[in-house]
Amino acid sequence: QVRLVESGGGLVQPGGSLRLSCAASGSIFSINDMGWYRQAPGKERELVAHITGGGSENFADSVKGRFTISRDNAENTVYLQMNDLKPEDTAVYYCFEKIRDYRGHIADYWGKGTLVTVSS
């Protein structure tokens, strides 16, 4: 059984910063892709940032230059550093990790989501 636990969401003023964390635990042999999606009220879920096992990154155009993604493979954790936050960044943020277990089974696992609210 694999579980992802997110932390770091909250209320922040425009221009502020937040750092999200997502830690995986359980039967984990290796982790390839990691990343973050978000879903704003009334909108579809969208990719925010993604990092491969080799360290290649990609970002949504709307967050380029403001958000960074990083990973700690020893801790099975992915981070999203969000700077210069804007009201349009308000959403529930979901982490995902593509995990291979000890049986060789590979699957995408998702966190339950953490709410980020950007408002004055």
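## Strands and pairing

Two strands count as paired if DSSP finds at least two bridges between them. Strands themselves are DSSP runs of E, at least two residues long, numbered from the N terminus. The model described here is predicted.

Take strands β3 and β8. β3 covers residues 18-26, and β8 covers residues 77-82. Six bridges join them. The two strands run antiparallel.

## The open sheet

Where do β3 and β8 sit in the sheet order? The order is β1-β3-β8-β7, an open sheet of four strands. Its pairing is antiparallel. The edge strands are β1 (2-7) and β7 (67-72). Each of these pairs on one side only. From one strand to the next, the twist averages 15 degrees.

## The whole chain

How many helices and strands does the chain have? It has zero helices and eleven strands.

Among contacts between residues at least 6 apart, 56% join residues at least 24 apart.

## Size and surface

The chain has 120 residues and a radius of gyration of 14 Å. A compact globule with that number of residues would have a value near 14 Å, so the chain agrees with the rule. The C-alpha trace spans about 50 × 25 × 25 Å along its principal axes.

Buried residues make up 42% of the chain. The accessible surface comes to about 6500 Å². Carbon and sulfur atoms account for 46% of that surface.

Definitions and conventions. Residues numbered from 1 in each chain as written. Predicted model: local features only at pLDDT ≥ 70, side-chain atom pairs only at ≥ 80, totals over all residues. Heavy atoms only, no water. Axes fitted to C-alpha atoms, helices over the stretch in contact; angles between N-to-C directions. Rg over C-alpha atoms; globule rule 2.2 N^0.38 Å. Buried < 20%, exposed > 50% of the residue type's maximum accessible area, 1.4 Å probe, protein only. Contact = heavy atoms within 4.5 Å. Areas by Shrake-Rupley, 256 points an atom, 1.4 Å probe, with all protein chains shown as cover.
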